[in-house]
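User: Hi, could you walk me through this structure? I would like to ask a few things as we go.

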Amino acid sequence: MKFSFVNPTQIHFGQGQIARIADAIPADRKVLLLYGGGSIKTNGVYEQVVSALAEHQWQEFAGGEPNPTVETLDKAVAQVKDSGLDYILAVGGGSVIDGAKYVAAAALYDGEGWDILLGKHRVNQALPIGAVLTLPATGSESNGGSVITKKATRDKLNFMSPAVQPGFAVLDPDVMKTLPERQLANGLVDAWVHTCEQYLTLPTEAMVQEGYAEALLRTLKTLGEQYAERDADSWRANLMLAANQALNGFIGSGVPQDWATHMIGHELTALYGVDHGRSLAIVQPSLLRHQIAVKRDKLEQMARNVFDLADSEDLAERCIDAIEHFYHSLGVATQLTEHGADKAAAIDAIVAQLEAHGMVKLGENRAITPKESREILEQAVA
Ligand code: NZQ
Ligand code: ZN
């Protein structure tokens with residue numbers, strides 16, 4: 001266990017905290033307010049942000065889509081460059097915040113922005129970013145990761161850089177009141193799988209990271225069981241904080257990480273438009289069953305410490321069943337149906353994209369090659 005850890009994002013948590021933007025962004029910054037398809041205009045978030053920016057110079061860019069595309073974001077990059085803007089304020093879910101990270105980095109780069117996703121340009125500098133989170137799920141509000149899609153080629157790729165980590169993030173659970181059920185469930189599943197990607201690997205001796213991951217999983221499981229109470233302030237606040245902590249870097253520090261479910265899931269989103277959270281629920285149960293031999297110890301630990309299951313020979317198998325049941329209880333499917341009727345063609349297409357993107361040695365043991373991905377997809381595709 002050896003690591004360096006810092007999370008420099010200041011979190012302003014709780015009701016009414018959007019007003020904090022006024023002081024959190026230096027007064028002399030010229031701000032680009034970046035948002036998505038307009039949900040922030042239906043729930044009072046836009047008005048609160050505008051009121052907090054009263055003393056700032058600012059412009060806006062609307063229309064960032066879910067699974068943000070480079071085609072759209074490059075227009076925001078042009079606006080930033082043309083108007084000499086020097087601060088990006090993202091107001092939205094993971095897509096808007098990821099988009100802001102791309103814009104902040106591409107604005108200081110003279111080449112093609114897509115180079116960043118191809119790894120041809122390494123991001124060492126970016127404009128400063130602040131975030132107002134409206135959908136708890138990705139943890140993007142306080143990490144340095146970003147996932148961007150190129151619509152033309154259906155490539156969905158990610159980049160990471162400390163330079164694009166937001167300086168502050170407002171987490172006001174009241175903004176969740178207008179979230180569609182579908183997005184609420186997606187958020188629960190995404191946070192859950194983020195925790196699993198950093199926990200369901202090999203046994204370690206890292207009691208703090210494992211114990212904290214289990215606390216997050218128990219919290220998310222309880223929120224799922226209490227789904228009928230999702231209009232309670234405490235329910236919303238607990239989901240918002242759990243999703244944030246699941247991917248702020250700490251539970252993954254110094255321990256093995258998997259992320260194969262995410263990499264395969266990204267291809268399902270890029271090819272078939274499956275929501276990010278749902279893509280994970282489709283891949284993960286099949287991946288865990290395929291990888292059960294190497295993950296057995298951790299699955300048994302999760303069965304005992306998260307699901308309170310009694311010991312048995314098939315404890316790991318029952319843990320995977322319990323995970324799958326958790327998704328079903330939220331109305332989230334665990335098999336791909338969006339591809340239509342031709343299962344073989346779908347699997348070929350997904351595996352080809354994984355190969356094209358260099359996703360050929362996935363998982364904590366780098367043992368999931370295209371052959372294993374294909375076997376996993378055999379069970380995951382309906
Ligand atoms: O665009 P608007 O109109 O705002 O509507 C959004 C969007 O349609 C809506 N929404 C958000 N907040 C709302 C709301 N509707 C009503 N009330 C609110 N308060 O929800 C829809 C989905 O939003 P989106 O931002 O796409 O969802 P999410 O937060 O799940 O983000 C998904 C994206 O994040 C990436 C995913 O790949 C995907 O592109 N990820 C980013 C990660 C990171 N940076 O660390 C890690 C994740 O694993 C993930 O890959
Ligand atoms: Zn995710």
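Analyst: Happy to! First a term: buried means under 20% relative accessible area, exposed over 50% and partly exposed in between, with a 1.4 Å probe and protein chains only. Helices (H or I, at least four residues) and strands (E, at least two) are DSSP runs, numbered from the N terminus. This is a predicted model, where local features need pLDDT of at least 70, side-chain atom pairs count only at pLDDT 80 or more, and totals for chains, interfaces and linings use all residues. Residues are numbered from 1 along each chain as its sequence is written, chains are lettered from A and ligands numbered from 1 in the order in which they are written, and side-chain values use heavy atoms, leaving out hydrogens and water.

User: In which order do the 6 strands of the open sheet lie?

Analyst: Two strands pair if DSSP finds at least two bridges between them. E4 pairs in the parallel sense with strand E2 (residues 30–35) over 5 bridges, and with strand E5 (residues 129–133) over 5 bridges. Strand E1 (10–13) and strand E3 (57–61) each have a single partner strand, so they stand at the edges. The order is E1-E8-E5-E4-E2-E3.

User: Which residue in E8 is the bridge partner of Gln10?

Analyst: E1 and strand E8 (residues 168–171) pair in the parallel sense over 4 bridges. In E8, the partner of Gln10 is Phe168.

User: Which protein donors does the zinc ion (ligand 2) have?

Analyst: Donors are N, O and S atoms within 2.8 Å of the metal (3.2 Å for Na, K and Ca); water is not among the atoms, so sites may look incomplete. Along the chain, the donors of this zinc ion follow the spacing D-x3-H-x67-H-x13-H. Asp190 in helix H6 (residues 181–197) and His262 in helix H9 (residues 260–272) are 72 residues apart, linking distant parts of the chain. Lying 2.0 to 2.1 Å from the zinc ion, the protein donors are Asp190 (OD), His194 (NE2), His262 (NE2) and His276 (NE2).

User: Is Asp190 buried or exposed?

Analyst: The relative accessibility of Asp190 is 2%. Asp190 therefore counts as buried.
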